[in-house]
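Hi,

Here is the structure I promised to pass on. Have a look at it first, then read my notes below.

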Amino acid sequence: MADATPAISLRDLTVSYRGHPAVHHLSGAFRAGSLTAVVGPNGAGKSSLLGALGGTIREFEGRIERDPALRVAYLPQASALDRSFPVRVHEVVAMGAWARIGSFGALRAADNAAVVDALVAVGLSGFDKRWLGELSAGQAQRVLFARVLMQDASVILLDEPFNAIDARTTADLLALLHRWKREARTVIAVLHDLAQVREHFEQVLLLARERVAWGPTAEVLKAEHLFKARQMAEAWDESAPACKVSA
Amino acid sequence: MSLLAASVLEPFIEFPFMRRALVATWALSLGCAPIGCVLVLRRMSLVGDAMAHAVLPGAAAGFLLAGLSLPAMSLGGFVAALAVALAAGFVTRATPQREDASFAAFYLIALALGVLLVSLRGSQVDLMHMLFGSVLAVDDAALLQIAAVASITLWALALMYRPLVLESFDPGFLRSVGGPGARAHMLLLVLLVANLVSAFQALGTLMAVGLMMLPAAAARFWVASLPAMAALSVAIGAVSGAAGLLLSYHAELPSGPCIVLVCGGAYILSVLFGARDGIVTRRLLAASHLTR
């Protein structure tokens, strides 16, 4: 039960977004093979933290320690995706093989088979020739989960994966999260729905620009912690000069 | 029939400058139209226009230093437009201002600077030539430059196709897997500027944007995928180029605007009757659904 090595450790991590520090002096560890929810008020720095872990935000101080051999898959918020761009579902999912194919490598027969399998796993079998723009928001999110499956990563970062998604799709994708846990993958998800977090996630990081609480779900999601997080978010001084990250 | 054939073919058979102009517009279409498609799909349609204005001060500086020299004006235009793109990109990254605002700011500065430079030692005619070109006066050097840029453009697009497409619709994913998103974006801007500069003598920078954007915007109404769009837009540009040259020859009108106006005609026809989302087409489809 007691985890041996953490998947990712943070040492005094301060992350900046667009020149402003968004997360302050965060230390702690994401347990390997666990489902961790990152929760907190709006503007608490949840997405910035995930961006830093996923490698898309490089403006940070402190340390993010992980085995460099670990493969990380990062799914940004759905709003970052331009669904009107003419790409087919198959092409989107196949890009999950980027770590191997890169800019120029060819897709092998095995890759194409893996795409079909991934689409089956997210409940979209037969959708491979469809245009991304023809799909509903829920179906598009299933496509992105299929791409995460293709990435075959040991650490999976999800930023608000169930926003504006229908209940049926949410249930199916949550089942996928549990499958990843059984496969000993580490899942870190930014979420809003606390009932959902209590039901499905064993670990929670409660964030309000800095760490409010981090640990087992029942201990973190106590009224006093949630109250404190809300207060910290409201009391935040946007122009505070302290701990400016040098870009 | 033979009269029609004569009026279409004869100008090209009889006059070498017409053949040159035709080859120039076709080569320009090959390079410009695919770039236009990528810009349309990335919602960067106005960036082409901004870059066309940004070329001006560099070209004018080249003109002031070396006179009507194609290499000097091309190089100057290339450097000026890239400088505007880099400055706009820097301000977008360093401040909360969005890219469209910073692009607009810098191209307006560049445009004013260009007009000022031209006025130092030029005439109205020089300025008109820079903005609108003259395809009937394309010489060997210009033709070679156009052909070279078109070839490089097609190769570069083919090589960077995957990261460019990913960067267009899901930049966050490309960054998370360590893909060359910034390089793809930069390459697109470099190709855009190179094509505008190469179109400089034939069409002028402003008319070149027409050959770049109008066929691309028209093609979007007929086909869905980017490769099909690129192929169709090249065809629309090539046919419009030939038709525009003939119009200009027979009606004795300036060639650049004729070519772009024919492109514009193709665009308006596509907006109305395009198989995908054409206005009239949609009405007809809706009516047939109702009667069923």
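To start, how many helices and how many strands are there in chain A? There are nine helices and nine strands. Here helices (H or I, at least four residues) and strands (E, at least two) are DSSP runs, numbered from the N terminus.

A word on ground rules. This is a predicted model, in which local features need pLDDT of at least 70 and side-chain atom pairs count only at pLDDT 80 or more, while totals for chains, interfaces and linings use all residues. Residues are numbered from 1 along each chain as its sequence is written, and chains are lettered from A and ligands numbered from 1 in the order in which they are written.

Chain A overall

Along the principal axes, the C-alpha atoms of chain A fill a box of roughly 50 × 40 × 40 Å. Its radius of gyration is 18 Å, which agrees with the value near 18 Å for a compact globule of 247 residues. That radius is taken over C-alpha atoms, and the globule rule is 2.2 Å times the number of residues to the power 0.38.

Of those 247 residues, 43% count as buried. A residue is buried if 20 or more other C-beta atoms lie within 10 Å of its own, exposed if 12 or fewer, and partly exposed in between, with C-beta atoms placed from the backbone. As for contacts in chain A with a separation of 6 or more, 71% are between residues 24 or more positions apart. Two residues are in contact if their C-beta atoms, placed from the backbone, lie within 7 Å.

The two domains of chain A

Seven residues of domain 1 are in contact with four residues of domain 2. On the domain 1 side, strand E6 (residues 155–159) of chain A gives the most, with three residues. By class, that side has three nonpolar, two polar and two charged residues. Ala, Val, Leu, Ile, Met, Phe, Trp, Tyr, Cys and Pro count as nonpolar, Asp, Glu, Lys and Arg as charged, and the others, Gly among them, as polar.

A helix to zoom in on

Which residues of H6(A) are buried? They are A:Thr169, A:Leu173 and A:Leu176. Seen down the axis of H6(A), these buried residues fall within an arc of 45 degrees, so they line one face of the helix. The arc is that of the directions from the helix axis to the C-beta atoms. Their cover includes helix H5 (137–151) of chain A. The face of H6(A) turned away from the buried side carries exposed residues, among them A:Ala167, A:Arg168 and A:His178. After H6(A) comes A:Ala184, with a positive phi near 65 degrees.

One residue in chain A

Now click on A:Ala233, which lies in helix H9 (residues 223–234) of chain A. A:Ala233 is partly exposed, because 18 other C-beta atoms lie within 10 Å. Leaving aside neighbours within four places in sequence, A:Ala233 is in contact with A:Pro41, A:Gly43, A:Ala44 and A:Ala208.

Chain B has 14 helices and zero strands. Its radius of gyration is 20 Å, close to the 19 Å that the globule rule gives for 292 residues, so chain B is as compact as a globular protein of that length. The C-alpha trace of chain B spans about 65 × 55 × 30 Å along its principal axes, and 50% of the 292 residues count as buried.

Between the chains, 19 residues of chain B are in contact with 17 residues of chain A. Helix H8 (161–169) and helix H9 (171–176) of chain B are the elements that give two or more residues to the chain B side. The largest share, six residues, comes from H8(B). The chain B side divides into ten nonpolar, six polar and three charged residues.

Cheers
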